[in-house]
Amino acid sequence: MMRKSKKRWLLILVFISILSASSFNRHYKSVNAQEEETTEVTPYKKPSGNSSKFLGIRLTSGYSLQPAKETYLEVGQTKAISGNAVRSLGTLSLTLGYTSKKYQWYKSTDGKNWSKDTSSSANKKTLNITPDREGKTYYQLEVYWQTPGLLGLTTTHLYSDLATVNAVPEPVDATSVEVTTDDDYLYNSSNDIVNTETIAHAHPNPTNFTGTVSWSIDNDKLATIDSETGEIGANTSRLSGVVRVTAILHNPNGSTVSNYKDITIGGGLEDQTVKAGQTATFDLRGNIGDLDEGDDKENESNYTIKWYKEDPITHAREQIQKDDPQALSYTTPKATLNDDGTLFLAIIQVKYNGKTYSYTTNDAFLYVKPEGGPNISITNTMKNSTYNDGTNTENMLFGVNNGDQITYHDTLENNTSGGRLNDAKYTLPLRNGTTIKSVKVDGVETDNYELSKNSTTDATDLIVSNLNFDINESHTVDVETEVAGIDKKDSFSSIPYISGKDDDGVSYQKIGNQNVINYTLDAVAIKKANDIDYGTLNSVMSEGILNRQDELNLPNNIVDIEDTRRNKKPVTLSVEQVGEFTNENSDVLSGHLRFYNGKNFYDLLDNPTSIYQTENDETLNSQGWSRDEGILLYMNSQMNKAGTYKTTLSWEISDSV
């Protein structure tokens with residue numbers, strides 16, 4: 001059977017404009033940590049300072065990672081310093097065309113005369129330094145953005161703080177280290193206005209430690225870390241938890257010293273548990289920042305935060321705290337048992353530089369413990385007996401397909417000595433179309449259940465009735481199901497709950513943890529194919545190759561592919577230029593597309609060409625290429641009439657023979 005997925009799009013030639021920025025100079029003083037003598041140092045350029053932000057919005061251009069102020073190392077030893085900068089959203093919106101980030105390190109041995117560093121890493125964010133004699137060397141990093149093309153115009157030049165590197169004759173070991181991070185909370189979803197990145201810093205004792213530092217993190221599903229620079233990035237799959245960031249100092253004598261800092265990864269709000277009669281406060285997490293620090297202070301910037309509460313069963317949502325539209329927290333009235341399981345969330349809207357950005361937090365639960373009477377706890381788990389790619393948790397499943405066997409195991413327990421729960425019903429909401437294989441209560445299969453379509457939640461409720469809970473009594477419910485009716489990538493969340501009456505006949509309800517099943521199809525498909533732009537051409541071109549615009553090169557992709565197959569048989573990705581480049585007057589361009597792979601190239605004009613073939617069990621990934629590879633425009637030496645020329649590419653995924 002041949003599996004095919006085709007995607008067509010247009011290539012459009014456009015003109016790009018450039019803006020530039022200027023920089024300044026300033027005098028600073030550098031003080032040796034080991035001496036009282038002060039040395040007058042003039043940086044190469046005025047330091048640009050750090051980038052400020054509101055939540056995740058970069059309000060000012062500046063440095064996100066400054067190089068260490070003081071670095072110590074032995075003569076002949078190699079050690080690295082790093083820096084990085086970002087542009088504000090306002091600067092990005094004012095810059096026409098596409099640019100790429102560039103790095104250049106400068107150095108000075110006397111603190112007055114500066115020159116470009118010409119070492120192999122001088123044009124990278126991390127500079128490797130190997131001094132050949134004792135003394136001080138001063139460094140400053142320039143980060144700028146450059147446009148593509150022959151002119152290579154630059155814009156937004158940013159300069160780091162001064163970095164002093166001290167080459168000393170003797171090694172110095174560290175006895176301890178303190179670890180700090182710029183942020184202690186990172187968001188777990190990709191969005192324009194929330195912060196998913198931060199920097200870890202190691203502060204050795206003594207400060208003139210001459211060894212090296214390496215970084216690690218204890219859960220790379222929640223976050224990743226650059227082992228050299230300490231730059232941390234949270235996952236964007238909405239996985240929450242606490243990660244431990246560890247710095248290891250490698251002493252010259254071979255010993256190590258380490259310490260750690262814990263940071264939280266989440267969706268903005270945390271669950272709260274209180275006793276009946278108490279209030280609960282939900283705080284918006286993360287370093288908020290100041291919205292009034294933007295590069296363009298003439299443009300009005302403001303934000304609003306809308307708070308909502310939601311019934312966990314019916315999902316009816318109600319806006320709360322309307323009288324304070326910028327409140328960063330919400331405090332509930334005194335909670336009752338009826339409030340148990342209520343969900344709270346916030347929608348943040350930021351207006352900045354004429355644009356509106358929005359983020360919706362995760363759902364945070366309010367759990368209310370009773371002062372007396374029954375106190376039911378629900379421990380609920382799920383398991384996909386058919387498939388697990390290693391990312392599943394007890395309450396979240398990924399990559400679920402039709403035919404998968406999903407088992408629910410719930411333990412219900414009355415943790416009290418003060419009252420019973422009578423005539424209780426256990427309810428498990430299921431996705432419509434789910435097939436029930438078996439239901440067991442306390443390990444014994446039963447037919448004493450019903451299935452009820454719930455028009456409010458658009459789910460099918462599985463209900464087990466006639467459950468009674470004496471003091472400290474517990475029951476287990478096991479439900480085996482089979483997935484059916486999945487025709488697209490989808491997600492379903494539900495919360496099991498139990499309801500009944502206490503000894504006084506008063507209604508009682510308790511919810512469990514939220515179950516989330518992420519469904520997908522066992523398929524490989526092209527999700528998006530980007531337009532390819534080769535810039536503005538002259539009417540007369542020399543024979544040769546034209547490259548894509550920089551933003552169409554790695555790390556960006558030309559074709560986004562989603563491969564969710566479990567049985568990954570070999571497939572081939574091919575592409576074809578369908579017809580010549582023509583303009584609005586039907587003039588034909590004297591050029592066509594080729595696919596370049598190393599020293600080889602293949603004509604694409606009316607010629608389906610294989611550009612990647614997977615092996616058995618290999619995922620077909622999204623495709624992108626470096627500047628001189630991939631799909632390039634080959635021009636003949638010939639006159640071309642003015643106009644915007646277009647053609648069509650046809651992509652195809654097929655089973656390999």
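Over which residues does pLDDT stay under 50? The answer is residues 1-36, for which the model still has 126 contacts beyond four places in sequence (contact means heavy atoms within 4.5 Å; pLDDT is the predictor's confidence in each residue, from 0 to 100). The chain as a whole averages a pLDDT of 87, and 90% of the residues score at least 70.

This is a predicted model: local features need pLDDT of at least 70, side-chain atom pairs count only at pLDDT 80 or more, and totals for chains, interfaces and linings use all residues. Residues are numbered from 1 along each chain as its sequence is written, and side-chain values use heavy atoms, with hydrogens and water left out.

**View 1. An open sheet of 5 strands.** The order is S32-S34-S40-S36-S37, with antiparallel pairing (strands are DSSP runs of E, at least two residues, numbered from the N terminus; two strands pair if DSSP finds at least two bridges between them). Strands S32 (376-384) and S37 (444-445) stand at the edges with a single partner each, so one side of each is left without a neighbour in the sheet. Look for Lys440, whose bridge partner in S37 is Glu445.

**View 2. The rings of Phe595 and Trp625.** Their centres are 5.6 Å apart and their planes at 70°, so the pair is edge-to-face (ring centres within 6.5 Å; planes under 30 degrees apart are stacked, over 60 edge-to-face, the rest tilted). Phe595 is buried at 3% relative accessibility, and Trp625 is buried at 8% (buried means under 20% relative accessible area, with a 1.4 Å probe and protein chains only).

Notes: Helices (H or I, at least four residues) and strands (E, at least two) are DSSP runs, numbered from the N terminus. Rings of Phe, Tyr and Trp (its six-membered ring) pair if their centres lie within 6.5 Å; planes under 30 degrees apart count as stacked, over 60 as edge-to-face and the rest as tilted. Buried means under 20% relative accessible area, exposed over 50%, partly exposed in between (1.4 Å probe, protein chains only).
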